[in-house]
Structures are given as structure tokens and as C-alpha cells.
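The questions below ask how each label was reached, and the answers set values against cut-offs.

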Amino acid sequence: MDLAARIQQLEDLVNDAKSMPLSSSVLVNKEEMLELVTEMKEGLPEEIKQARWIVKDREELLAKARLEAESIVEQARQEQLALARQEEVVDRARVEAERVLELADEEGRRIRLEAEDYVDAKLAQFEIVLRKLQEETQGSARQLARTLDQVELGREKLRGAPTTAAEEEFGTGDVDGEPVDDDRSVDLHDQEVDG
């Protein structure tokens, strides 16, 4: 019989007891009462043991739950700190990347401008050289045309042909009052063409 049943027996014993006249006291059987109390004492340690085990288990469960909660909170703090550090690293990396990109853009602009200036200077030099060559070529072409005219005039003279437009332009072929050596004119022409 468990402790609750014995307590109920004790209560029934008191309720069923005879009342004392003119008093709130009752008469109970001493032996029955002591026997119930003894049984309660004997049953009490088992109940108390169970209660102690329950309390102990409860305390252990609470301690374990408290430790787990503290561990979860600490882990959350660590993760929050790690995320904050990671975010800080990402922010620093982004700022550094932007700075490097700006430097690269500036350096690229500077190099492009220097390259454009260099190419422009080289093209200007090349233009000057080409203009000189053009002028020299034009002068050579004029000289060549005159020499060719002289050659044609000399050939015409050799054939005994009448005066040509070139003879009229350059004269009769006399240079400083002396007749032109037609072979020399041809040689000059050959030298101009070869040179």
C-alpha cells in the first residue's frame, strides 16, 4: 500500500472515531493509529527516495538544459562575432578592390595618354620625313622630266628632225654657246634613272 492510501486510512480512522461529549476531540484506537503511523514511516523512505530521485533528475535536467542553453548562447555569440569579422574583412576587401581599380584606371589612362603622345610624336616625325621625300621626289621628277626632254631633243637632232617643243623651250641645245654633247645627255639621263 502506498503512502497516499495510508494517509487516507488515517483520515478515515479520525473521521469514524467517536466524539467526546462537549469537545471537538475524538477517541481513536491508539494501536490502530500507531500501526498506521508505523506503516507510513516504513513506506515513507521509498516515497522520499522516489521524490529525491525525481528532484535530483529534475535538477540534473535543469543543469544540463542550462549548460546547453549557455553553450548555444556562446556559440551564437561566436558565430555573430565571426560573421562580424567576416563582414569587416569583406568590407575592407571591397574598399581595397575599389582603391586598386581606381589606381589601375588612373594608370591605364596615364599609359594610354603617354602612348598617344608617343605615337603622335612618331607620326609627326614620319609626316615630316614623308613630306621631305615627297618634295625631293617632286624635284627629282621635274629634273627627270627635263632630262627626258633633253634626251628626246638629242634623239630628234640625231635623226635630223625639225625643231620640237622642247627645243623651243630649252633652246637649240647650246649650253653657254657650245653645242650639247648628245651622248653626255643620254649618259646623264641614265645616271639620273639609275641613281
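Q: What makes Glu98, Glu102, Asp105 and Glu106 a patch of negative charge on the surface?
A: This is a predicted model, in which local features need pLDDT of at least 70 and side-chain atom pairs count only at pLDDT 80 or more, whereas totals for chains, interfaces and linings use all residues. Residues are numbered from 1 along each chain as its sequence is written, and side-chain values use heavy atoms, with hydrogens and water left out. Asp and Glu count as negative and Lys and Arg as positive, while His and the chain ends are not counted. A patch is made of residues with over 30% relative accessible area and no salt bridge, like charges being joined within 9 Å and nonpolar side chains (Val, Leu, Ile, Met, Phe, Trp, Tyr) within 5 Å; the place of a charge is taken as NZ of Lys, CZ of Arg, CG of Asp or CD of Glu. Glu98, Glu102, Asp105 and Glu106 gather in such a patch.

Q: Why is Glu98 called partly exposed?
A: Buried means under 20% relative accessible area, exposed means over 50%, and partly exposed lies in between (1.4 Å probe, protein chains only). Glu98, which has its place in helix H2, has 42% relative accessibility and therefore counts as partly exposed.

Q: How do you know that Arg92 forms a salt bridge with Glu88?
A: A salt bridge is a side-chain nitrogen of Lys or Arg within 4 Å of a carboxyl oxygen of Asp or Glu. The closest N and O atoms of Arg92 and Glu88 are 2.3 Å apart, so the pair meets the rule. By this rule the count comes to eight salt bridges.

Q: Why does the pair Glu156 and Arg159 count as a salt bridge?
A: Here the closest N and O atoms are 3.5 Å apart, so Glu156 and Arg159 also meet the rule. Glu156 and Arg159 lie three residues apart in helix H2, about one turn of the helix. Glu156 is partly exposed at 23% relative accessibility, while Arg159 is exposed at 53%. Elsewhere, salt bridges that share partners join Glu107, Arg110 and Glu114 into one network.

Q: Which residues form a nonpolar patch on the surface?
A: Phe126, Val129, Leu130 and Leu133 form this patch, with about 360 Å² of accessible area together, as given by the Shrake-Rupley method with a 1.4 Å probe, where for residues only the protein chains shown count as cover. Leu133, one of these residues, lies in helix H2 and counts as partly exposed at 43% relative accessibility.

Q: How many helices and strands does the chain have?
A: Helices (H or I, at least four residues) and strands (E, at least two) are DSSP runs, numbered from the N terminus. The chain has four helices and four strands, which follow the pattern α-β-β-α-α-β-β-α along the sequence.
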